[in-house]
Amino acid sequence: MKQNLNKIFMGLLLVMTTILVACSGEADSTAADDTITVYTSVPQDLIDEFSAAYKEANPDKTVEVFRAASGDLLSKLRTEHEADSVEADVVWVADFQSAETLKDLDMLEAYESTEKDQINSNLIDPEGYYYGSRIINMVLAYNTNVETPSSWKDLTNPAYEGKVGIPSVGSGTSFSYVGTLASKDEFGWEFFEEVRNNGGKQFSNNSDVAERVATGELSVAPVLDYMVTSMRLQGSPIDYVIPEEGLVMVASPIALVKDSEAPETAKSFIDFTLSKEGQEIMSAQNVVSVREDIEGSENVPSINDVKILETDLDYLSENNDEITAIFEEIFTN
Amino acid sequence: MKRLSKRENWVYLVALILIAVLIIYPMIIIVQQSFLSEDQFSLQNYVNVFQNPTTYDILWNSLFVSTLSTLFALIIGSSLAWLVTRTDIKGKRWINFGVIIPFLIPSFISALSWRQLLGPVGYLNKIIMYFTNTMEPLFSIDGPAGIIFVMTVSSFSLVFMMTSTAFLNMDTSYEEAAQISGATPLQVMRDVTFPLIRPSLFSSAVLVFVANISNFGVPSILGFHESYFVLTTKIYDLLNDYTIQDSFAQASSLSMILVVIAVFGLWLQYYLTNKKSYKVISGKSTQKMTISLGKYRPLLTGIVCLLLFFISIAPILGIFVTSLTKAYGLTPTLDNLSLDNYFHILFQMPMAKRSLVNSLILATSAATIAVILGTIVSYFITKTDFKGRQVVSYIVSLPYALPGTVVALAIILAWIKPLPLINTSIYNTLWIILVAYVMYYLTLAVQSVSSTLVQMDRSLEEATRVSGANWFQNMRDVVLPLSKPGIINGWFLIFIPALSELTISILLWSSGNETISVAVFNLQEQGNMTAASALSMVLISLIVIGNQLLKYLTRRLERN
């Protein structure tokens, strides 16, 4: 008996040592310059598909992914920056303002992508620090079992009382959306206060909100268009309208991190994202491409045909901290 | 004091240095950080924290949910313990089984499961809405009431176990005496039974309260949408808010409130266990007076079984059903059920696969390292007569008494800078999580091994020494074999909770270094409830396997 127990115990120790040795070996290989780490707020399934496609095109490269909301990413990057141990090689966030924040912190490196000429020039940072990689739009999602809304103001409509959601401003797209509406006279912060008074609640991010609209926990909410489209195509009772005031357009930027240990791999990943092949993956996911040589998906109305509620990027960058603080104050009371 | 060979002193010295590096250093750093403002010593952070009116709201929320859930856990846990140990209630085996399940399930999984049943679109709510033909859900698990409910469910088992022991060790002749002198059953309860189990009630109350005020998963999953913040979730939120310049300093100051509460709890715990309790444990009379429930027996049996089914089986069923549905929100009819989610997380989603490997590596290595270090420390505490060795035991138990959020913060602050000599930082690697786990769980190994070491008679070791064995031979041939039950028990006591640890991991994880609980948490945050449920079921299975293995090994050891 005792002998057996000894064996079991020694066996456990052996297993552990093997695992430890095996993974310390793994850790060594990640230091090489053909491995990059991408910090992104792109949904898990999309980034998984993307890195798999990149890996297939470049079998000798490895892409590691840290996925979190834009706000969480910025906070982690800032912490790493202060400790002088930045792990990211590429950042791929949801909104221009997040990229601007990193640029101001001197954490980005300008880079001329090989795909530059094919991309809508409005979506490229004039100094070349970041590139819009996909166009995503904040639209008004609703559960198809309730009355169809028509305007952003429907978020304050008593018909939906208690069933109104909004992604937290920790999400870059939501930040852009909130900032855009707050800067307009017809909305302003009073609008968000009314949303809150109508029982509006904040949720962690867009996909969470979209799921809840699909299950009926929420009736209406501002959400990213492509998430609604893919859920609708799967048969979920969800759809969206482009509100009469217009949708809020967000161009998710990708950028090279300063002092990357694998700059060449990082650049090739960025180029791949912007390439025809990469953009076709986007298009298949019902996301609008930034390339002029790619036709939109049939499920997505062309960006030229819809009304857009213009975003004032200067307002966003000047009022960065205030937008977060006021939103938090309204939705945590 | 016996002559000590130099070599064994070196072993103790290394162990003590490790403890200093692992535990004392991070604790000093976090206290220091809370006093730093713009690299200068100041009280500014505390002024900021205590001038902010929301601090008081959050503190109040923390105290409110922890106090009420502790109270409910005490009532449910001790009543059940009384029914099982002292009355003729039926189905005691099943009741014991039903009580142990919520204890095994990590509280954040419990919160997720309850959301499947009583969330706005939970199954129970949907059934009720169907039958009553209403549009509005009857219950909502979100918000303070739900947090209190789930915390109660997750912590009443501990009260049950601690008070059961007290009930079993109690000499019932006192009760009999009171009854014979004409006291009514209620008077016996109030004047005899209750005072006898009071120490264990107090003791479990402290443990449950500190555990609940340190809980992160439950208030985070059930409180965020209602904007209901407690101290742990607020600290997490602060650390993730890039718009606040000195978020680390503010978080450190805020976490000092939790440190004060935890240290006070630890002190209270020491005080209560060392205070002379009612020693009415007698060796002879083991014949327990069993109280007959009479005509209430079937009724009480029914209520207890229904209650336990509801709080321990139903939530697992809820999360199990969700893990089988094709898309979240679909009615779980046969057509909509499949094993796709399991296939997806086990074979397709790299993040989920990785998290399983990572958690297994972390739990195995943390348990092994903690047990090795813990055995040396236990020996040092129980078998040597160095001055101040009790202080070591106090220091080792400190991190476990602290909320995981504080431990993680201390670890980040202490280890983010590149290490000297090798010039790389363990921040952003799996190893920082390992360091945190060892720091946090070390005390469990020390307690477990110590409990077997104190039972070991000194004469055995003296005999070995007299026959010329040195310290290492003595360790190998006498101490280790004899303390094996404690070592194995300690290993599993660390392995099992480390497998599902969330609070520390959620602050320390980095790309490729997700743990299972981080993966579950992130999946549910992205609204991918079906995958989160499937991964939760895998985690629950692993925990059950771990427990069965521990039971099996313990039984084998006892038989020897």
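How many residues does the contact take from chain B and from chain A? The contact takes 57 from chain B and 55 from chain A. The views below come from a predicted model.

**View 1. The interface of chain B and chain A.** About 5,000 Å² is buried between the two chains. Carbon and sulfur atoms give 57% of that area. In chain B, the residues that lose the most area to chain A are B:His225, B:Tyr242 and B:Gln526. Together these three make up 15% of what the chain B side buries.

**View 2. Polar pairs and a salt bridge between the chains.** Eight residue pairs, both members at pLDDT 80 or more, are in polar contact between chain B and chain A. Two salt bridges cross the interface. In a salt bridge, the side chain of A:Lys201 meets that of B:Glu226, at 3.3 Å from N to O.

**View 3. Helices on the chain B side.** Several helices of chain B each supply at least two residues to the side that touches chain A, among them H11 (231–239), H12 (247–274) and H24 (529–559). H15(B) gives the most, with seven residues. The residues of this side divide into 24 nonpolar, 20 polar and 13 charged.

**View 4. The largest nonpolar core.** This core holds 278 residues. A:Tyr177, A:Phe192 and A:Phe269 touch the most other members. Helix H18 of chain B (residues 430–453) contributes the largest share, 17 residues.

**View 5. The surroundings of A:Phe269.** Neighbours within four places in sequence are left aside here. A:Phe269 is then in contact with A:Ile36, A:Val38, A:Phe50, A:Tyr54, A:Val63, A:Val90, A:Trp92 and A:Ile254.

How values were computed:
Residues numbered from 1 in each chain as written. Chains lettered and ligands numbered in written order. Predicted model: local features only at pLDDT ≥ 70, side-chain atom pairs only at ≥ 80, totals over all residues. Heavy atoms only, no water. Core = buried A, V, L, I, M, F, W, Y, C linked by side-chain atoms within 4.5 Å. Buried < 20%, exposed > 50% of the residue type's maximum accessible area, 1.4 Å probe, protein only. Helix = DSSP H or I, 4+ residues; strand = E, 2+ residues; numbered from the N terminus. Contact = heavy atoms within 4.5 Å. Buried area = accessible area lost by both parts, 1.4 Å probe. Salt bridge = Lys/Arg side-chain N within 4 Å of Asp/Glu carboxyl O. Polar contact = N/O pair within 3.5 Å; in protein donor to acceptor, adjacent residues only side chain to side chain. Nonpolar A, V, L, I, M, F, W, Y, C, P; charged D, E, K, R; others polar.
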